[in-house]
Amino acid sequence: MSPIVNKVTAVLDGGMETIMKNTRICCKCGSSDIIRIPDNPSRHASGNNIYTSTFTLMKKIPVIRYVCCSCGYVENWVENKNELIEIKKVFG
């Protein structure tokens, strides 16, 4: 078994540590070629955003993407705790 597969197996046994955001290891293929795609706040409708207002471009919550450049697997994350609270208020 390769070192990457062993590392992924160890990560998978750890529960929450399987997320690519924390490990920088793809849970699908074991690659460490992971790229974080941030929000671009200067663009009006860039990226995956969650809007918590009916007014255009108000209360835009960015969804940050982590992409495995080996297999294409993608994870989406809201990284700010206050933004998670806002989402729960609006949609919960």
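Which residues make up the largest nonpolar core? The views below start there.

**View 1. The largest nonpolar core of the predicted model.** Met20, Cys26, Ile34, Ile64, Tyr66 and Cys68 form this core of 6 residues. Strand S3 (residues 60-68) gives the largest share, 3 residues. A nonpolar core is a set of buried Ala, Val, Leu, Ile, Met, Phe, Trp, Tyr and Cys residues joined through side-chain atoms within 4.5 Å. Buried means under 20% relative accessible area with a 1.4 Å probe, protein chains only.

**View 2. Surroundings of Ile64.** Neighbours within four places in sequence are left aside. Ile64 then contacts Arg36, Ile37, Pro38 and Asp39, and also Glu75, Asn76, Trp77 and Glu79. Contact means heavy atoms within 4.5 Å.

**View 3. Lys21 over Trp77.** Lys21 lies over the face of the Trp77 ring, 4.5 Å from the ring centre. The rule asks for NZ of Lys or CZ of Arg within 6 Å of the ring centre and within 35 degrees of the ring normal.

**View 4. The whole chain.** The chain holds 3 helices and 4 strands, in the order α-α-β-β-β-β-α. These are DSSP runs: helices (H or I) of at least four residues, strands (E) of at least two, numbered from the N terminus. Of the 92 residues, 25% are buried.

**Notes.** Residues are numbered from 1 along each chain as its sequence is written, and side-chain values use heavy atoms, without hydrogens and water. In this predicted model, local features need pLDDT of at least 70 and side-chain atom pairs pLDDT 80 or more, while totals for chains, interfaces and linings use all residues.

How values were computed
Buried means under 20% relative accessible area, exposed over 50%, partly exposed in between (1.4 Å probe, protein chains only).
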